[in-house]
Amino acid sequence: MNVGDAAERSGLPAKTIRYYEEIGLIRPARAENGYRDYSGDDIHRLAFLRRARNLGFSIDDCRQLMALYQDRDRASHDVREIAAAHVRAIEEKVRELQSMRATLQTLVRACHGDHRPDCPILDDMAGLTADGEHSKTAN
């Protein structure tokens, strides 16, 4: 099947499929005319990649996971380690997002939101202290 059919069946845009081929994640056969010829197995691999990317795995992680998926002699421990590392990265990102939310909530509460030009939100972004001086961490 052609890239349009592969896109429809896998749920991925054709541009993404071409990119995955460019970086070596998939290798569809080529017809005599040189066009890509996607098989059912290719569609299955594309769906696998779509799911892995939707779970937030990086391209490098996807490459490793795909190799492990195709290796029937794999150790599930290796797959588990990749997934566990990803969970740890997600947890760290959640902590960072929670910290950003708390900071922004504090700044929003401190801002009067009226017609005056004073704005603690902008002051914080500019690294200004309450007295209008640049903080040492902003330099």
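Which residue just after H2 takes a positive phi? The residue is Gly-24, and its phi is about 85°. This is a predicted model, so please read what follows as a friendly tour of computed features.

**Helix H2 and its two sides**

Helix H2 spans residues 14-22, and its buried residues are Ile-17, Tyr-20 and Glu-21. Looking down the axis of H2, these buried residues fall within an arc of 100°, so they line one face of the helix. Lys-15 and Glu-22, on the other side of H2, are exposed.

What lies over the buried residues of H2? The cover includes the elements in this table.

| Element covering H2 | Residues |
|---|---|
| Helix H1 | 3-10 |
| Strand E1 | 29-30 |
| Strand E2 | 36-37 |
| Helix H3 | 40-54 |
| Helix H4 | 59-70 |

**Helix H4 meets helix H5**

Helix H4, which is part of the cover over H2, also has a partner in helix H5 (residues 76-110): their axes come within 10 Å and cross at roughly 160°. Because angles over 145 degrees count as roughly antiparallel, H4 is roughly antiparallel to H5. The crossing in which H4 passes H5 is left-handed.

Which residues make this contact? From H4 come Asp-61, Gln-64, Leu-65 and Leu-68, while H5 brings Asp-78, Val-79 and Ile-82.

Notes
Residues numbered from 1 in each chain as written. Predicted model: local features only at pLDDT ≥ 70, side-chain atom pairs only at ≥ 80, totals over all residues. Heavy atoms only, no water. Axes fitted to C-alpha atoms, helices over the stretch in contact; angles between N-to-C directions. Helix = DSSP H or I, 4+ residues; strand = E, 2+ residues; numbered from the N terminus. Parallel < 35°, antiparallel > 145°, perpendicular 65-115°, else oblique. Left-handed = near helix turned anticlockwise from the far one by under 90°. Contact = heavy atoms within 4.5 Å. Buried < 20%, exposed > 50% of the residue type's maximum accessible area, 1.4 Å probe, protein only. Arc of directions from axis to C-beta.
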